[in-house]
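Me: Please take a close look at one part of this structure and describe its aromatic residues and their helical surroundings in a connected account.

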Amino acid sequence: MGTVDEKVEVAIESGDEEIEILFSGTSSPTRRKAVNFDLESETSPLSSSNHSHMNTSSDHLTNSWIVKRMEMSPFRTFYIVLIRAKINILLPFGPLAILLHYLTGKHVWVFFFSLVGIIPLAERLGYATEQLAFYTGPTAGGLLNATFGNATEMIISIYALKSGMVRVVQQSLLGSILSNMLLVLGFSFFTGGIVHCKKVQVFNKAAAVVNSGLLLMAVMGIMFPAVLHFTRTEVHFGKSEMALSRFSSCIMLVAYGSYLFFQLKSQDNLYNPIEEVVNNDQEGADEEEAPEITQWEAIGWLAVLTLWISVLSGYLVDAIQGASESLNMPMAFISVILLPIVGNAAEHASAIMFAMKDKLDISLGVAIGSSTQISMFVIPFCVVLGWIMGQPMDLNFQLFETATLFITVLVVAFMLQEGTSNYFKGLMLILCYLIVAASFFVHVDRSSDDD
């Protein structure tokens with residue numbers, strides 16, 4: 001039964017025997033539906049065209065059911081995560097590294113294949129995190145992206161710490177900060193400035209200032225133990241430096257927890273520009289972007305990928321020393337430059353992609369947010385973990401490394417103070433990273449030699 005306002009119009013055209021039904025009413029928009037009938041004599045049997053029409057309809061229903069079943073199939077998820085992306089062509093390098101470890105024992109090839117095999121895993125880890133962010137919302141999704149974006153570095157650091165390679169942990173985490181702040185942010189500014197060369201790209205200055213302040217606080221926590229050590233002003237030589245590092249690490253963890261509460265709960269106005277941009281982008285892209293896997297599938301793949309990265313990280317750490325000796329390459333260069341580039345491969349690609357789409361706030365969150373998390377959470381966490389494991393992990397990163405971090409934070413802070421970016425700023429950051437890489441290539445780590 002329809003309402004009074006609804007009307008039915010039937011128009012029959014004698015030429016095509018077409019019946020056009022028009023439904024209109026107040027409760028729904030006007031809809032037209034055309035149904036074609038092929039009329040024949042009453043005495044004739046059912047025509048073959050009706051049979052084909054019925055067969056086509058049944059085939060369409062069957063095919064749609066199969067498609068839906070395939071969409072629910074785990075094989076589709078396997079295809080999306082591990083086959084569809086072009087970077088997955090590098091996945092076999094991981095098993096090859098394990099085979100070479102047991103068959104040949106050549107550290108150079110094990111190190112190289114492990115390094116290459118971790119690249120697609122880090123990228124796929126970022127993809128699974130993005131899929132999970134569809135279900136958790138932008139706030140929790142941003143935190144998940146930052147956390148799992150640093151999962152590779154964190155896993156490598158834990159394995160190195162377990163093996164007693166404290167300098168590898170310190171230098172790899174330092175290199176991750178330098179790589180994010182100079183290389184990732186530099187390429188984001190550069191590519192974004194090239195693509196949008198006719199306008200000035202802007203980002204949320206308030207959020208950048210807060211992150212710069214946290215980075216300077218991290219520099220303070222790392223610098224004081226080094227200054228205390230090299231000025232020989234400790235009350236108890238060696239012990240005071242370690243005690244200060246552990247105390248400062250606990251303070252930095254509290255500061256990072258307070259920062260998360262400040263960012264997510266108490267200071268919404270400070271981050272409104274970012275949220276408005278994200279909301280507008282989501283409203284415009286709802287039809288284009290949708291989760292490709294379910295929430296539990298994303299969680300399952302996060303667990304599987306993290307486990308596989310953990311396995312490869314163990315072989316990678318075991319091969320570092322042998323690879324350094326075979327290649328005649330300083331351990332500092334491998335730890336500070338090569339390892340972080342692999343760990344930041346996924347972040348590097350996503351930050352550049354967002355910059356090219358003129359979403360600099362997200363690119364800045366990927367690069368600077370990741371550096372903030374490593375300096376204020378991952379490094380202090382490793383100090384506390386080393387404390388629990390009985391390893392002498394401290395915040396004394398040695399004078400050369402500490403000075404490099406201090407200058408880098410100052411350069412990036414000056415680049416961010418205007419709230420604008422262009423390709424020249426990006427080029428400057430990239431060139432600064434090349435200077436840092438060259439410096440570590442000719443740097444001799446006396447601490448590791450002593451150990």
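Reply: Phe-112 is partly exposed, with a relative accessible area of 40%; buried means under 20%, exposed over 50%, and partly exposed in between (1.4 Å probe, protein chains only). The ring centres of Phe-112 and Phe-113 lie 5.6 Å apart with planes at 70°, so this pair is edge-to-face. Rings of Phe, Tyr and Trp (its six-membered ring) pair if their centres lie within 6.5 Å, and planes under 30 degrees apart count as stacked, over 60 as edge-to-face and the rest as tilted. Phe-113 counts as buried, at 13% relative accessibility, whereas Trp-109 is partly exposed at 45%. Trp-109 and Phe-112 both lie in helix α4, three residues apart, about one turn of the helix. Phe-93, Trp-109, Phe-112 and Phe-113 form one aromatic cluster.

The model is predicted: local features need pLDDT of at least 70, side-chain atom pairs count only at pLDDT 80 or more, and totals for chains, interfaces and linings use all residues. Residues are numbered from 1 along each chain as its sequence is written, and side-chain values use heavy atoms, with hydrogens and water left out.

Helices (H or I, at least four residues) are DSSP runs, numbered from the N terminus. The axes of α3 (residues 93-103) and α4 (residues 107-136) come within 7 Å and cross at roughly 160°; axes are lines fitted to C-alpha atoms, for helices over the stretch in contact, and angles run from 0 to 180 degrees between N-to-C directions. The contact (heavy atoms within 4.5 Å) includes Phe-93 of α3 and Trp-109 and Phe-113 of α4.

Technical notes:
Helix = DSSP H or I, 4+ residues; strand = E, 2+ residues; numbered from the N terminus.
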